[in-house]
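Please look over the sequence and the model below before reading on. The paragraphs that follow lead through the helices, the sheet and the aromatic rings.

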Amino acid sequence: MPDLREIRERGQLLRGEFLDAFGRLETAVMQYIGKTDVKATSAMPFSQKLTALAKARDRFRNPKRLDVRIAAIRELLTVRADVVHSALEVVVSFDGRTTTTKLQFQNSSDFDRRALTLSCDQLGLIIRRLNQLAAQFSQQRLKEATPTAPASASA
């Protein structure tokens, strides 16, 4: 039988790593927004920051990469909502031969939605993906600003 306390502690550590990774990603996005003329504040929900950034896609050297990154982040926002707005539960299932343990997050603000159930490995993969997205945002490049012609002196 698995040690449920150990699994719960590992789950809480992973939950903390997940939230830290999301924080790093949001910081990377906000630092990037700071390099543009996009109007976004730190108080705005992350989804609204992404929407504002997407509207300025013509400023990017490769707007398709930006689209892919924003789409990937949007997919993970629902996972974040479940992890943040729930109490961590450990689920143990036994099929007669093997015991499986998973982490379950029941979103307390959306109880009608099915609980999110992840293995520790799955949560670890999501954390790696968040860190990867943060690194990619820090490397996202803007188009070069077109230089303005110097003002001519009138005689």
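**Rings, helices and sheet**

Phe137 counts as buried, at 0% relative accessibility, where buried means under 20% relative accessible area, exposed over 50% and partly exposed in between, computed with a 1.4 Å probe on protein chains only. The model is a predicted one, in which local features need pLDDT of at least 70 and side-chain atom pairs count only at pLDDT 80 or more, while totals for chains, interfaces and linings use all residues. Residues are numbered from 1 along each chain as its sequence is written, and side-chain values use heavy atoms, with hydrogens and water left out.

The structure holds three aromatic pairs; rings of Phe, Tyr and Trp (its six-membered ring) pair if their centres lie within 6.5 Å, and planes under 30 degrees apart count as stacked, over 60 as edge-to-face and the rest as tilted. Phe22 and Phe46 form an edge-to-face pair, with 6.2 Å from centre to centre and 80 degrees between the planes. This pair links distant parts of the chain, since Phe22 lies in helix α1 and Phe46 in helix α2, 24 residues apart. Both Phe22 and Phe46 are buried. The rings of Tyr32 and Phe137 have their centres 6.0 Å apart and their planes at 70 degrees, so this pair is edge-to-face. Because Tyr32 lies in helix α1 and Phe137 in helix α4, the pair ties together parts that are 105 residues apart in sequence. Tyr32 is buried, with a relative accessible area of 1%. Ring pairs also link Phe18, Phe22 and Phe46 into a cluster.

The helices come next; helices (H or I, at least four residues) and strands (E, at least two) are DSSP runs, numbered from the N terminus. Helix α1 (residues 4-34) and helix α2 (residues 46-55) pack at an angle of about 35 degrees, their axes 11 Å apart, where axes are lines fitted to C-alpha atoms, for helices over the stretch in contact, and angles run from 0 to 180 degrees between N-to-C directions. The contact (heavy atoms within 4.5 Å) is made by Phe22, Leu25, Glu26, Val29, Met30, Tyr32 and Ile33 of α1 and by Phe46, Lys49, Leu50 and Leu53 of α2.

Turning to the sheet, three strands form an open arrangement in the order β1-β2-β3, with antiparallel pairing; two strands pair if DSSP finds at least two bridges between them. β1 (88-94) and β3 (116-118) stand at the edges, each with a single partner strand, so one side of each is left without a neighbour in the sheet. From one strand to the next, the twist averages 35 degrees.

Seven bridges join β1 to β2, which run antiparallel, and Leu88 has Phe105 as its bridge partner in β2. In the hairpin of β1 and β2, which has four residues between the strands, Gly96 takes a positive phi near 100 degrees. Strand β2 (residues 99-105) and β3 pair in the antiparallel sense over three bridges; in β3, Gln104 has Thr117 as its bridge partner, and Phe105 has Leu116. Helix α4 (residues 120-139) packs on the sheet, touching β2 and β3, and its direction makes about 95 degrees with that of β3.
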